Amino acid sequence: MASSVSSRQEQVLVEAKSMARILTLNRPKQLNAQTIQMISQLSELFLAFEEDPNVKLVILKGKGRAFSVGGDVAAVVRDIRADDWRAGANFFLKVYTLNYLMATYSKLQVSILDGLVMGGGAGLSVHGRFRVATENSLFAMPETALGLFPDVGASYFLSRLPGFLGEYIGLTGSRLDSAEMLAFGLATHFVPSAKLPMLEAAICDLDSSDPIIISSIIDQYCEQPSLKEQSVYNRLDVIDRCFSQKTVEEILSALEREVVHQMDGWISATIQALKMASPTSLKISLRSIREGRLEGLGPCLVRDYRMVCHVLRGEASKDFFEGCRALLLDKDKNPKWEPSKLVLIADSTVDCYFSKVNNEEWEDLKLPPRSKFNLPPYAIAKL
């Protein structure tokens with residue numbers, strides 16, 4: 001076998017156990033950051049398993065201390081510089097198509113989230129039926145700090161979190177632990193990591209694709225994690241008061257009013273996170289999450305693709321490239337955003353991110369038809 005083929009296959013390890021297939025993301029040194037090769041192989045495997053009557057469920061996990069920290073955006077930037085923006089667009093097109101496939105999958109997906117789950121890592125897990133967190137789980141959507149926006153259908157799942165928590169998570173990039181993931185529905189179960197081998201064995205021994213039966217098996221290994229006193233779960237009233245505001249500027253003003261009434265380090269940290277993020281990213285992210293509240297997953301992913309193509313073209317702002325430079329390449333952690341302030345960003349500039357790309361070769365994302373499969377109700381609800 002050619003070494004290039006071997007290298008490609010090693011990014012996803014495949015194991016067959018009875019009627020289950022176990023897929024392991026295998027870039028532990030890179031925290032399982034997703035490459036186009038990894039995404040392409042996952043897509044091929046999920047499609048093949050869906051057609052295979054000998055497969056009833058898919059277990060997806062990551063090797064090392066991360067499930068996945070999302071797309072390898074530093075590699076995307078290098079590809080764009082070597083070629084052009086369409087190289088990056090092709091990566092995101094494949095990612096969003098896989099997200100849709102997972103969300104509308106006719107068979108069960110059990111994601112084992114034993115570690116970091118960030119950005120595109122959420123896209124590979126949240127859309128599936130079961131998400132098992134452990135004491136090692138940590139969830140975040142950190143895109144605004146990179147000059148990007150919460151994509152992978154995040155405007156769909158963030159907008160369906162309690163109250164205005166989705167706006168808080170999406171704009172600030174704040175991290176949630178496993179107890180919070182479970183409380184907010186980002187995880188469906190909590191299982192201590194020491195019990196994962198027994199859980200996997202029990203799932204693989206089943207000859208069933210019934211989600212009620214699978215859930216009951218996972219329940220046998222579950223525990224109830226405790227929320228910390230300083231958890232954002234205990235601050236939902238403040239989050240709702242502030243992040244329900246119409247604009248990013250009004251959100252910041254509301255937070256600053258809260259500081260006057262209560263000297264709370266969490267509020268100050270939230271303000272600081274917003275002020276450190278790309279102003280352009282904040283504005284387009286807020287609008288996207290608000291629009292996602294009223295849409296199915298498909299339209300959210302189509303919008304994500306429009307938005308990311310505009311980001312990659314860098315016509316209105318080159319913040320994505322600057323954010324990658326400052327945080328991932330040079331690592332000086334001092335991005336110079338342009339425009340540098342929220343007030344300098346016109347509504348017409350925000351509007352352009354939601355419009356079709358003015359390029360003869362460009363097309364909107366065309367998601368694959370899924371009607372031929374007997375989709376379960378939870379998948380149909382996302383269409």
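What share of the contacts in the protein chain with a separation of 6 or more comes from residues 24 or more positions apart? I found 74%, with contact meaning heavy atoms within 4.5 Å.

Before going on, I noted that this is a predicted model, where local features need pLDDT of at least 70, side-chain atom pairs count only at pLDDT 80 or more, and totals for chains, interfaces and linings use all residues. Residues are numbered from 1 along each chain as its sequence is written, and side-chain values use heavy atoms, with hydrogens and water left out.

**Overall form**

I looked up the secondary structure and got 18 helices and 10 strands. These are DSSP runs numbered from the N terminus: H or I of at least four residues for helices, E of at least two for strands.

The C-alpha atoms fill a box of roughly 60 × 50 × 40 Å along the principal axes.

I checked burial next: 57% of the 383 residues count as buried. Buried means under 20% relative accessible area, exposed over 50%, and partly exposed in between, with a 1.4 Å probe and protein chains only.

**Thr104**

I located Thr104 in the loop between helix 4 (85-103) and strand 5 (108-113). Thr104 counts as buried because its relative accessibility is 0%. Leaving out residues up to four places away in sequence, I listed its contacts as Glu50, Arg370, Leu375, Ala379 and Leu383. I also looked up Pro369, which is 265 residues from Thr104 in sequence and 10.0 Å away in space, C-alpha to C-alpha.

**Ser111**

I moved on to strand 5, where Ser111 lies. Ser111 has a relative accessible area of 0%, so it is buried. Trp337 is 226 residues from Ser111 along the chain, and I read 36 Å between their C-alpha atoms.

**Cysteines**

How many disulfides does a search of the whole structure find? I got 0, a disulfide being a pair of cysteine sulfur atoms within 2.5 Å. For Cys352, the nearest cysteine sulfur is that of Cys309, 12 Å away. Cys352 is partly exposed because its relative accessibility is 25%, whereas Cys242 counts as buried at 1%.
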